[in-house]
Amino acid sequence: YFCFDEESSLSAKFESDSEKLKDLQPGDVLEMLEGPRKEEPPEVLRMRGKTSKDGKNGWVTFREASGEECFKLAKLLVCKQSIALTTSFDIATGKALRKLDVGEALDLLEGPNEDSVRSLSRVKVLAKKDGKEGWVTVKGNQGTSYTEESDKHYVCIRPVSLEKTFPSGSAEVRRIEEEEVFEALEAPKAEKKEGIERCRGRTLTDGTEGWFTMSSCSAWTPAYKCLSSTVLNDGPEISEEANTLRKLDVGELLEAVDTPVLEKSAGLLRLQLRAQKDNLMGFATLRNEGTVFLQPLLDDVEKKPPAKSAVKLTEKKVA
């Protein structure tokens with residue numbers, strides 16, 4: 001049996017992206033029928049580069065495990081050697097707007113047009129860095145190339161994280177927005193992640209059968225042991241009006257008479273139990289902020305035979 005520690009879902013098929021049958025809440029208990037089995041390790045493509053907007057370096061996800069791409073190759077020019085961006089096609093009459101930086105990305109707006117008098121090839125461009133429009137020389141009369149078509153600049157298709165290191169999910173530098181230009185500094189490379197473990201199970205509440213992810217739950221049994229001193233209350237609610245029946249001692253053995261429930265006001269899992277030493281029944285908290293108060297006894301050598309009410313718990317739930 002497994003008890004869910006966080007919100008999850010029950011799926012119709014083994015694949016984690018298959019149809020959802022129902023939502024699972026913290027405290028829901030399922031009987032395992034099959035598994036665990038691992039899904040094929042998902043593979044994403046990661047790429048190192050820098051943003052054209054502000055020159056921030058880092059790693060992005062180029063293609064998701066689903067096959068969905070986050071970037072497409074941009075039809076851009078890139079400045080190969082610093083040169084002036086001018087107001088008009090004619091160099092003699094145009095005014096310089098500013099110098100283009102080496103590596104700067106440019107949108108082609110018009111051209112190339114030939115200046116036969118000066119033996120130059122000129123294009124009208126938009127600088128991705130600051131949005132300035134103007135004319136720039138593609139190739140000089142001595143054969144010097146100032147701008148070339150780029151095969152390393154990409155346009156972001158949907159917002160993604162620019163992250164510090166290769167593993168996806170590492171510290172974020174900033175978000176890259178849709179239509180933003182990203183320059184690749186390395187070719188994309190694959191990142192393989194561990195396949196998630198999936199099990200087929202049946203809920204104790206209504207008997208629904210389906211597949212669930214193991215990382216969302218932990219092993220469960222009706223037999224419990226007190227690991228850290230806590231109290232036994234007369235109800236599941238945590239409030240000033242809640243009555244304390246008595247303190248539970250470390251090492252004390254208890255038996256669950258129902259599955260855990262989420263106490264919503266405090267966000268804690270609560271469980272109705274019967275204490276073995278005096279048969280007192282009440283509610284206790286399983287854990288809080290890393291402190292485990294009650295732990296299921298999964299070792300058959302340590303746990304004692306459970307009460308009849310606990311043994312028949314699964315039968316009662318699916319009846």
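Ile83 sits in the loop between β8 (76-79) and β9 (84-86). Strands here are DSSP runs of E, at least two residues long, and helices are runs of H or I, at least four residues long, numbered from the N terminus. This is a predicted model, in which local features need pLDDT of at least 70, side-chain atom pairs count only at pLDDT 80 or more, and totals for chains, interfaces and linings use all residues. Residues are numbered from 1 along each chain as its sequence is written, and side-chain values use heavy atoms, with hydrogens and water left out.

**Surroundings of Ile83**

- Ile83 counts as buried because its relative accessibility is 12%; buried means under 20% relative accessible area, exposed over 50%, and partly exposed in between (1.4 Å probe, protein chains only).
- Beyond its neighbours within four places in sequence, Ile83 is in contact with Arg98, Lys99, Leu100, Val136, Thr137 and Tyr146. Contact means heavy atoms within 4.5 Å.
- Thr137 lies 54 residues from Ile83 in sequence, yet their C-alpha atoms are 7.8 Å apart.

**Salt bridges: the count**

- The structure holds 23 salt bridges. Each is a side-chain nitrogen of Lys or Arg within 4 Å of a carboxyl oxygen of Asp or Glu.
- Side chains of opposite charge can pair when their charged atoms come close.

**Arg202 and Glu31**

- Arg202 and Glu31 form a salt bridge through their side chains, at 2.9 Å from N to O.
- This pair links distant parts of the chain: Arg202 is in strand β20 (residues 197-203) and Glu31 in strand β4 (residues 29-38), 171 residues apart.
- Arg202 is partly exposed at 25% relative accessibility. Glu31 is also partly exposed, at 23%.

**Asp115 and Arg118**

- A salt bridge joins Asp115 to Arg118, with the closest N and O atoms 3.2 Å apart.
- Asp115 is buried, with a relative accessible area of 7%, whereas Arg118 is partly exposed at 31% relative accessibility.

**Arg246 and Asp278**

- In the salt bridge between Arg246 and Asp278, the closest N and O atoms are 2.9 Å apart.
- Here too the pair links distant parts of the chain, 32 residues apart: Arg246 is in strand β25 (residues 244-248), and Asp278 is in the loop between β28 (268-275) and β29 (281-285).
- Arg246 is buried, with a relative accessible area of 16%. Asp278 is partly exposed at 39%.

- Salt bridges with shared partners join Glu31, Glu34, Arg37, Arg200, Arg202 and Glu209 into one network.
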